[in-house]
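Biologist: Please take a close look at one part of this model. I want its neighbours, its side chains and the charged pairs around it.

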Amino acid sequence: MEIFHISAECYPVAKVGGLGDVVGALPKYQQAAGHSVRVVLPCYETKFKNENDFECVHWGTVELGNYNFPFSVLKEKTDKLGFELYLIEINELFNRPNIYGYEDDIERFLSFQIATLDWIIARNTTPDVINCHDHHTGIIPFLLQFAYKYESIKNVKTVITIHNGLYQGWFGFDKLYYLPKFDLKHVGFLEWSNSINSLAVGIKCANAVTTVSPSYLNEINISANGLESLFNSVRSKSKGILNGIDIEVWNPMKDQMIEENYSIDDFEAGKRKNKEKLCEQFELDPSKPLFSFIGRLFEEKGGDLLPHAAALALSEHLGEINILILGSGNSEIETQLTQLRNDYKGNYNVFIGYNEDLAHLIYAGSDYILMPSRVEPCGLNQMYAMRYGTIPIVRRTGGLRDTVIDFGDEGNGICHDQASVADVCYSINRAVRLYEDKINFNKVLKRGMSADHSWERVCQEYIEIYNLIIQQNEI
Ligand code: GLC
């Protein structure tokens, strides 16, 4: 089967969050399972782009209303990621260091989607399935079906995978003229609450909708930033598929980014060395339990709870625990977290920003990982943590609910129900007691370490959906 994944992110080419990790891994495992898999993303100004060799396989001009942007399709020559990688180079719009956050993001991602389809239609083979990811690619299922110029590929099946339903890519009908010509009787597919809502368009028009965990699919029927009723109405073509993790990249036995490699058989010594290194780097006390947080500092992730929860826990367990934060986001939260450094020197530290190597060392060297998310469509950090023998402390929501079971129920982590400072601190108290009970602590840790979250199993579930929608066409 020929599968196209179209996305704004793909690790290690361009990553802001979990979307990048998933699009870097799922295609690799689909290719290994015998399919022809191609990943298409915009050509940003990134290290990966500069350090690898590309060949130009197509060029043209993308029309966005009255604007014309020259574009090229660049293929990475060696397929080193385990699939064919294509970058859509539109210099005027994408030759910039960041992935998102520009005033013309709507123009950027619309041009990307149109250029991608212009190229696909110019190839001499037609893919079986196009898997779109999040709102940046949500207009593709509409264009394929209704834009006159894509008539000859209109039967290509589409899936939209929702990694985060909070971001939806809204724009006004004043920009309708950006889209290639289509029969106006279909304009209703574009509309949601008087605007064009890219994510809603994808959900309406794709042949199948997937979310990145089963619980998240249930939750967005109740709360989805205004799209609840839409999710309800497409329930019969929707499925929640829990993400996997790339167990080659995330492997404590081979990871080059950590201080000492280890396995489930010798984790105590291995984790101790990593913890010592991490504690030395951040002036923490390696003899005390270490709680870490890795992620974006936003309300969605419970980032706003961290300053208060950390201060409370550190004062209640004065000198008895360490807390380390790696992340960036809301500047107020960043400032509060930075200020805390002055009060709890030796037991608390924060690194504002993101650093892939440091993230690996934190998973390897911590005892617990904190994930107090308000919304978590899947969450990968809890799975990375468990693989590295670090016990997750999570709020029961979305994918966290599907992957972490409280140790009170013979599980692999610590769970609470509210995204509140009190719940986080209560869980930290339980974690401190568990840490003192080494036999039980190790049992919980080992349950996490031995879980199978590999993509091999999961990627088959995507193939089943592709097969299902392809067959629907033939009936
Ligand atoms: C988004 C979600 C996260 C999910 C990831 C990959 O970043 O917020 O929960 O794990 O996408 O699907």
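Modeller: Start with a pair of leucines: L74 stands opposite L87 in strand β5. The model is predicted, so local features need pLDDT of at least 70 and side-chain atom pairs count only at pLDDT 80 or more, while totals for chains, interfaces and linings use all residues. Residues are numbered from 1 along each chain as its sequence is written, and side-chain values use heavy atoms, with hydrogens and water left out.

Strand β5 spans residues 84-89. Helices (H or I, at least four residues) and strands (E, at least two) are DSSP runs, numbered from the N terminus. Two strands pair if DSSP finds at least two bridges between them. β4 (residues 67-76) pairs with β5 in the antiparallel sense, over four bridges. β2 (residues 36-42) runs parallel to β5, joined by five bridges. There, V40 stands opposite Y86.

Now the side chains. In a regular strand they alternate between the two faces of the sheet. E84, Y86 and I88 point one way from β5. L85, L87 and E89 point the other way. Six of the six residues in β5 are buried (under 20% relative accessible area; exposed is over 50%, partly exposed in between; 1.4 Å probe, protein chains only).

Next, charge. A salt bridge puts a side-chain nitrogen of Lys or Arg within 4 Å of a carboxyl oxygen of Asp or Glu. The count comes to 23. One of them joins R38 and E2, at 2.7 Å from N to O. R38 lies in β2 and E2 in β1 (residues 2-6), so the pair ties together parts 36 residues apart in sequence. R38 is buried at 12% relative accessibility. E2 is buried too, at 9%.

Another bridge links D118 and K149, with the closest N and O atoms 3.1 Å apart. D118 sits in helix α4 (residues 105-122), and K149 in the loop between α5 (140-146) and β7 (157-162), 31 residues away. D118 is buried, with a relative accessible area of 14%. K149 is partly exposed, at 40%.

Salt bridges that share partners join E2, R38, E84 and R123 into one network. E84 is the residue already placed on β5, pointing the way of Y86 and I88.

Last, the record. UniProt lists residues 3-231 as "domain: Starch synthase catalytic", in an unreviewed entry. Over residues 3-231 the chain is 30% helix and 26% strand, and the end C-alpha atoms are 25 Å apart. UniProt positions follow the numbering used here, feature names are shortened, and annotations may be inferred rather than shown by experiment.
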